[in-house]
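Here is a short briefing for a reader new to this structure. Look at the sequence and the model first, then read the points below.

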Amino acid sequence: MSHQTVVVLDFGGQYNQLIARRVRECGVYCEVKPYTTPLEQLKAMEPIGFIFTGGPNSVYEEGAPKADPAIFTLGVPVLGICYGCQYMAHTLGGQVTEAQEDTAREYGKTETYYDTSCKIFRGLPERGISWMSHGDYMAKVPTGFALVAHSDACPNVAIADEQRGFYGVQYHPEVNHTEHGVDMIRNFLYEVCGAVGDWSMGDYKKTAIQAIREKVGDGKVLLALSGGVDSSVAAALLAEAVGSQLTCVFVDHGLMRKNEGDEVEAAFSRWDINFVRVDAEARFLLKLAGEAEPERKRKIIGEEFIRVFEEEAKKIGRVDYLVQGTIYPDVIESGAGDAAVIKSHHNVGGLPDYVDFKEIIEPLRLLFKDEVRQLGRELGLPEYLVMRQPFPGPGLAIRVIGDLTKEKLDTLREADAIYREEIAAAGEDKNINQYFAVLTNTRSVGVMGDGRTYDYTLALRAVTTSDFMTADWARIPYDVLDRISTRIVNEVKGINRIVYDITSKPPATIEWE
Ligand SMILES: Nc1ncnc2c1ncn2[C@@H]1O[C@H](COP(=O)(O)OP(=O)(O)OP(=O)(O)O)[C@@H](O)[C@H]1O
Ligand SMILES: O=c1[nH]c(=O)c2[nH+]cn([C@@H]3O[C@H](COP(=O)(O)O)[C@@H](O)[C@H]3O)c2[nH]1
Ligand SMILES: NC(=O)CC[C@H](N)C(=O)O
Ligand SMILES: [Mg+2]
């Protein structure tokens, strides 16, 4: 099973996994390695190309991350992105300085002009929007390199030494906002590196199954199954890899949506797997009682999940491995590496310090949501399961704002069920990627049946997104919103006002806590 390999050399950028994902999207196998990886090790991987990532540092500063300069003598093509481009220019005899007022410090969408006779721009339009994020400037381009793109503010947006196969771009071709960015990466892979496109999700499946078998041997495995997309795909993968050694544990923590516990049990009892449902409502509510701070709630839930898994493992006998359906956005938002903590996803940043398993296996950790879905299809999962909307592990605990009570949870469950019912009835569920109700902590005055009420405000949230890293609010038709609002206020006691959340992510996030 040998594939052509591209190595993404990580200099600490925000979008490293996104680069890797774009390369995979182009049908080429790819691994991300730290810039400190010894050259011998990189050589042994026999890469057909290197991509150097962006990074927060300035290459001219002392201590800035540098790879072994002999990497440029291997005869392997290189694409440097932002810091990666600056590092290449600096190392090969050019000069990088801090940008001055008139020499392009550029952030965000930028009109860019390309020389389409250069291989990486071949077949693409001569101008388009690229997405920039840099404060440094290539003041002197190294000998042998030509300028192949510019913007209004910056003459040196892209450089190329076609002889040696070295390319550098100042913008980020890997992000969605860069028009034709993926095509540029594809050109680098196919026109410059000689890629043939010998990698697919089917290969990912095979490689993952083989790796799981090697690791687990004849040991026992407990898989945390929520019934959501990620853990269902993980379960299908593990079932194929180690079948009868696997037990799937679904924790009903009392923070599920209406009827969800029974639905998950019914669905997975039909699978040919060992499936256990644990009723843990009382212990979760007890641990959460009186806690209003979102990060504390998440951490309490993260720890309690693990304690339940540990107890279930003891019942099975010796279990070495815990499997979770963690995916890349869970990791990056929990503050991986130098990234900021946005929120501690219960399965990553919310994990307790001590976990009584030899190892936690996360076979989907490097994938984005839409890639997980593709893998699910590859494993033969039905479309309705693969396309289910995500539901966060902490469940309604992070949708009841502030402190939790069973009564508030029940109120939210009823309102949320009506919301989902009406969205489905209107056929809007096909246009929306995730939607749910939030019980805010705000109460306000209303008038119902000629009497005064002082009840909770319910917020409706609905977003469109493919990777859940960024999202826009969904344009639900007014008449559908109207029906939902009328029904909820009429049918659910304790709610007298409905608002619709019209913020995108960023600056908001999808969930409220
Ligand atoms: N109620 C639960 N019982 C057992 N494991 C859970 C539960 N909720 C979450 N998990 C574990 O935490 C992981 C992360 O949860 P998350 O909600 O992100 O994924 P998911 O539920 O598998 O998929 P989706 O994003 O579609 O909801 C899950 O993959 C699963 O391993
Ligand atoms: O399993 C999970 N554990 C968590 O702690 C968690 N927090 C958010 N989410 C889900 O992640 C996606 C992005 O959500 P945010 O924009 O709110 O960060 C959305 O799909 C959220 O529902 C979680 N999933
Ligand atoms: N995004 C980046 O890679 C930035 C590189 C460098 N820190 C700059 O500001 O120019
Ligand atoms: Mg879930």
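Glu174 sits in the loop between β11 (166–169) and α4 (181–192). Helices (H or I, at least four residues) and strands (E, at least two) are DSSP runs, numbered from the N terminus. This is a predicted model: local features need pLDDT of at least 70, side-chain atom pairs count only at pLDDT 80 or more, and totals for chains, interfaces and linings use all residues. Residues are numbered from 1 along each chain as its sequence is written, while chains are lettered from A and ligands numbered from 1 in the order in which they are written.

**Annotated active site**

- The "active site" annotation, from an unreviewed UniProt entry, covers Cys82, His172 and Glu174. These three residues are spread over 93 residues of sequence, yet they cluster in space, with a largest C-alpha distance of 11.2 Å.
- UniProt positions are given in the numbering used here, feature names are shortened, and annotations may be inferred rather than shown by experiment.
- Glu174 counts as buried because it has 27 C-beta neighbours inside 10 Å. A residue is buried if 20 or more other C-beta atoms lie within 10 Å of its own, exposed if 12 or fewer, and partly exposed in between; C-beta atoms are placed from the backbone.
- Leaving out residues up to four places away in sequence, Glu174 touches Tyr15, Leu18, Ile19, Arg22, Gly181 and Ile185. Contact means that the C-beta atoms of two residues, placed from the backbone, lie within 7 Å.
- Cys82 lies in the loop between β4 (78–81) and α3 (83–91).
- Cys82 is also buried, because 25 other C-beta atoms lie within 10 Å.
- With residues up to four places away in sequence not counted, the contacts of Cys82 are Gly54, Ser133, His134, Gln170 and His172.

**Ligand surroundings**

- Ligand 1 has 20 residues around it, and Ser226, Gly228, Ser231, Gly325 and Gly393 come nearest. A residue counts here if its C-beta atom, placed from the backbone, lies within 6 Å of the molecule.
- The shell around ligand 1 holds 8 nonpolar, 9 polar and 3 charged residues. Ala, Val, Leu, Ile, Met, Phe, Trp, Tyr, Cys and Pro count as nonpolar, Asp, Glu, Lys and Arg as charged, and the others, Gly among them, as polar.
- Ligand 2 is surrounded by 16 residues, the closest being Pro392, Gly393, Thr509, Ile510 and Glu511.
- The shell around ligand 2 has 5 nonpolar, 6 polar and 5 charged residues.

**Domains**

- The protein is divided into domain 1 (5–192), domain 2 (201–386) and domain 3 (399–500). These bounds come from an automatic or database domain assignment.
- The C-alpha centres of domain 2 and domain 3 are 28 Å apart.
- Contacts link 12 residues of domain 2 with 13 residues of domain 3. On the domain 2 side, α8 (281–288) and α11 (369–378) are the elements that give two or more residues.
- That side of domain 2 has 6 nonpolar, 1 polar and 5 charged residues.

**Overall fold**

- The protein has 14 helices and 20 strands.
- Of its 513 residues, 43% count as buried.
- Among contacts between residues at least 6 apart in sequence, 73% join residues at least 24 apart.
- The C-alpha atoms fill a box of roughly 80 × 60 × 40 Å, taken along the principal axes.
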